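Keep the structure open beside you and try each task before reading on.

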Amino acid sequence: MAIEDEQATGAAQGGGQARPDLIRGVARGAAPAPLSILDLATVGEGYTPGEALAATTELARTAESLGYHRFWVAEHHGMPGVASSTPAVLLAHLGAHTRTLRLGSGGVMLPNHAPLAIAEQFGLLEALHPGRVDLGLGRAPGTDPATVRALRRGITEDPEDFPRQLSELTHFLDGDFPDGHPYARLTAVPRSQTRPPVWLLGSSGFSARLAGRLGLPFAFAHHFSAANTVPALDLYRSTFRPSAVLDEPYALIGVGAVAADSTAEARSLAMSGALAMLRLRRGTPGLVPTPEQAASHPYSQAEADFLDSWLGNVVLGSPGEVADGLEALRKRTGADELMVTSNIHGHETRIRSYALIAEAYGLG
């Protein structure tokens, strides 16, 4: 293990403050594993950011009533179709409109922020909504290089020094810097009796290995890095060391999923998200297009191939087909929890997709 990993180990385990019952999900209804939601506060053509955030609030309330276990929002910047640029602010709002749903970041991009600032934000969230908050941390910037420079102005640490940044953050969360450390006299306030469980997020092997070595829960972005899912989860499990927070590995995967009355309708809806991703990959992010815009777009052969590849990793169809597809994926990957995400146009359509999936499992 590298020196920085050793330094992170003690801090990340948090002295046992984040108990396993705050990490492991609960399977409901006929679902063989817990089901959760990842939301980006999607802004589609014809909608404003305010309307998108109102829809995310409605979705969180609906997810709670439907029986989903947790609801995460993600940090992205410079993307007109994503309104969740500041997870901590959005989570505070969602917590005020829900009662039991676990809420978290999927995730906060640690290199973009001073660790003390994150400790204060999530300490405040835990004080507001005790026992309901997850702190998911990512290593990627969540945006383009120019925006990264603007975000990190004044932050001089190497963004690749993730283990040391993680160690500093968790020491702030637990208030247990060793004697003689430059920050030993500093306190991140407010600090609650417990702290949010720390999750590591990833789309490759780096965070999988680190999460395993630190004995932390791990979330993998299958929805945009499907080829790496099984290797990353295998690496996580093979390197896992029991910790104060987990005695065995616990991994969830993010899965693109769209349910509708028919397979054809579900594919039509999913194409809006696929075209939005194509535009993002071309460096021209925008609002999420309508299904009609996606259907009429003049795709080149390369673009059509991208769409086919992207949609091949989305579990879509009727509710029964989606449930079957999710179960096949769970068995193939061994994931302990599935976090579905429907990045499609139309707030009502998105909420209905999640409702159909919940209905297929009898979650409520």
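**Exercise 1. Find what the side chain of Asp-39 meets at the backbone nitrogen of Ala-41, and describe the surroundings of Asp-39.**

Step 1. A polar atom of the Asp-39 side chain lies 2.9 Å from the backbone nitrogen of Ala-41. A polar contact is a pair of N or O atoms within 3.5 Å; within protein, one must be able to donate a hydrogen and the other to accept it, and residues adjacent in sequence count only if both atoms are side-chain atoms.

Step 2. This is a predicted model: local features need pLDDT of at least 70, side-chain atom pairs count only at pLDDT 80 or more, and totals for chains, interfaces and linings use all residues. Residues are numbered from 1 along each chain as its sequence is written, and side-chain values use heavy atoms, with hydrogens and water left out.

Step 3. Asp-39 sits in strand S1 (residues 35–39); helices (H or I, at least four residues) and strands (E, at least two) are DSSP runs, numbered from the N terminus.

Step 4. Leaving aside residues up to four places away in sequence, the contacts of Asp-39 include Phe-71, Trp-72, Val-73 and Arg-350. Contact means heavy atoms within 4.5 Å.

**Exercise 2. Which side chain meets Asp-39 in a salt bridge, and is Asp-39 buried or exposed?**

Step 1. The partner is Arg-350, at 3.3 Å from N to O. A salt bridge is a side-chain nitrogen of Lys or Arg within 4 Å of a carboxyl oxygen of Asp or Glu.

Step 2. Arg-350 belongs to helix H13 (residues 347–361) and Asp-39 to strand S1, so their pairing ties together parts that are 311 residues apart in sequence.

Step 3. Asp-39 is buried, with a relative accessible area of 2%, and Arg-350 is buried at 2% too. Buried means under 20% relative accessible area, exposed over 50%, partly exposed in between (1.4 Å probe, protein chains only).

**Exercise 3. Which residues form salt bridges with Arg-70, and which network do they belong to?**

Step 1. Arg-70 pairs with Asp-134, the closest N and O atoms being 2.8 Å apart. Here strand S2 (residues 70–73) holds Arg-70 and strand S4 (residues 133–138) holds Asp-134, 64 residues apart.

Step 2. Glu-337 also forms a salt bridge with Arg-70, again with closest N and O atoms 2.8 Å apart. Glu-337 is in strand S9 (residues 337–341) and Arg-70 in strand S2, so this pair ties together parts that are 267 residues apart in sequence.

Step 3. Through shared partners, salt bridges join Arg-70, Arg-102, Asp-134 and Glu-337 into one network.
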